[in-house]
Amino acid sequence: MALNATAEACNRGPPGVPGRPNWQAGREKQRRQDGDAHVAGWSAMAGMHDFVVPDEAAAQASAEELAAYGFPRVLARPHPDGGWLVMALDEGPYPVDTVGHRQIEAVSREAAAIARAHCGRPSGGSRFDVSRIAEYRTWTAPIEVIGAKARPPVPEVTVVPAPPLEPLALTPDFSAPGTAELTGLDDVPWADLEHAHGSADDVPDLLRELAGGTQEWDGVLDELFGDNLLHQGDCYEATAPALPFLTELIVADVVPAPQRRDLYLWLMVAGGRRNDNLVGFAELAQDEGEPLQPGAWTEEVFRTVGDQVPVLLDRWDAEPQGIRFVLAVPAAQHPGHGVRAADGIAALAAELDGTQQGAYLRLALEIVHGRDERALALATEIVGWADRLEPEWLKAPGVPDGIKAAHVLAEGALHTIE
């Protein structure tokens with residue numbers, strides 16, 4: 001059956017179950033959370049791969065096929081949001097390191113392909129120490145299929161040693177104590193805008209606390225962005241209007257370099273949400289035969305960050321090394337503006353040659369120059385040693401190579417910050 005025909009059949013689903021139900025929205029976040037699972041003290045890793053399919057017949061068929069593939073126990077039960085939840089127990093064992101994480105993620109992708117054949121979608125899962133396998137074996141459900149094999153096929157994974165991380169200087173610092181004037185802050189109708197927890201009427205006060213040099217800098221900034229404007233990586237109606245005020249804080253020269261870098265980082269993270277959406281949901285869009293589109297407000301946020309780049313690049317020569325490294329990322333995300341910083345990025349890459357940061361800067365340089373094929377090749381090299389990055393990003397269907405590479409750049413650069 002052709003892809004679009006399969007997608008159309010899967011989209012129909014049972015009465016009352018939409019083609020893109022709410023339980024799919026957290027797929028990418030859940031996958032990242034699984035990869036970041038707390039594994040201290042684990043002897044070896046096992047897991048559960050979860051999928052949602054439209055109905056009981058699809059649940060039975062997918063459970064049987066997953067068991068035949070090698071999962072020793074597969075359960076299925078009605079999902080509270082519609083459809084059926086299928087859970088494949090993966091007893092491993094997998095090593096508790098980058099190789100193990102990549103192996104279990106590769107197995108999860110193979111299981112997802114089986115679920116998709118029955119109109120299913122990934123719905124997260126879990127990772128746990130092998131000592132808990134006995135607990136998971138006691139789970140029951142309306143559908144239970146016991147496989148004849150001990151485990152599914154495990155792919156070979158090669159991870160090359162990572163280059164060293166280089167401590168990047170945040171000196172010299174030219175800032176002086178003072179209060180930043182946030183021009184136009186009261187002209188924004190914050191009470192009419194929304195963030196993750198409702199009305200954004202608290203945003204101006206939080207921004208003013210930052211502008212006044214609050215002693216609770218980390219807490220205020222985390223509340224503003226981590227909790228409100230970029231909660232769980234999502235963008236909101238109030239996210240884009242708040243971003244220019246970060247630029248105002250930066251250019252006022254009253255914020256010390258470590259805190260100033262925080263502001264650049266939040267601009268970098270915000271600007272990366274669009275690409276994260278495109279890469280993370282590419283397979284879902286392909287399966288459903290729908291155009292690939294970023295999540296709500298992410299395109300507006302991306303454009304707003306792009307509007308800040310020219311002003312920020314004016315500061316390239318004056319900012320310390322640790323801030324220039326961060327600034328190279330939004331410059332690459334917006335190459336129309338960023339190309340003017342190409343020489344600076346190249347010089348910084350030469351300074352940091354042989355380090356992780358140097359590799360990311362070389363990647364930024366290729367993106368800035370629009371050399372997408374070379375950028376993707378460099379991104380592939382980086383993913384080979386960067387244990388927090390996902391190889392599947394490089395295969396996202398329908399996503400331009402430049403966006404894949406830019407996503408690797410933004411995510412990887414973030415993980416270099418101590």
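**Burial, ring pairs and charges over rings**

Biologist: Thr-171 is placed in the loop between strand S5 (143–146) and strand S6 (194–195). How are strands assigned here?

Modeller: Strands (E, at least two residues) and helices (H or I, at least four residues) are DSSP runs, numbered from the N terminus. The model is predicted, so local features need pLDDT of at least 70 and side-chain atom pairs count only at pLDDT 80 or more, while totals for chains, interfaces and linings use all residues. Residues are numbered from 1 along each chain as its sequence is written, and side-chain values use heavy atoms, with hydrogens and water left out.

Biologist: Why is Thr-171 called exposed?

Modeller: Exposed means over 50% relative accessible area, buried under 20%, and partly exposed in between (1.4 Å probe, protein chains only). Thr-171 has a relative accessible area of 55% and is therefore exposed.

Biologist: Why is the pair of Tyr-136 and Trp-139 called tilted?

Modeller: A search of the whole structure finds 6 aromatic pairs. The ring centres of Tyr-136 and Trp-139 are 4.7 Å apart and the planes stand at 35°, so this pair is tilted. By definition, rings of Phe, Tyr and Trp (its six-membered ring) pair if their centres lie within 6.5 Å; planes under 30 degrees apart count as stacked, over 60 as edge-to-face and the rest as tilted. Tyr-136 counts as buried because its relative accessibility is 7%, whereas Trp-139, at 29%, is partly exposed.

Biologist: What makes the pair of Phe-225 and Trp-266 stacked?

Modeller: Their planes are at 20° and their ring centres 5.3 Å apart, so the pair is stacked. This pair links distant parts of the chain, with Phe-225 in helix H7 (residues 217–229) and Trp-266 in helix H9 (residues 257–271), 41 residues apart. Phe-225 has 0% relative accessibility and so counts as buried.

Biologist: How do you know that the charged end of Arg-274 sits over the ring of Phe-302?

Modeller: The criterion is that NZ of Lys or CZ of Arg is within 6 Å of the ring centre and within 35 degrees of the ring normal. The charged end of Arg-274 sits over the Phe-302 ring, 3.7 Å from its centre. Likewise, the charged end of Arg-151 sits over the ring of Tyr-94, 4.9 Å from its centre.
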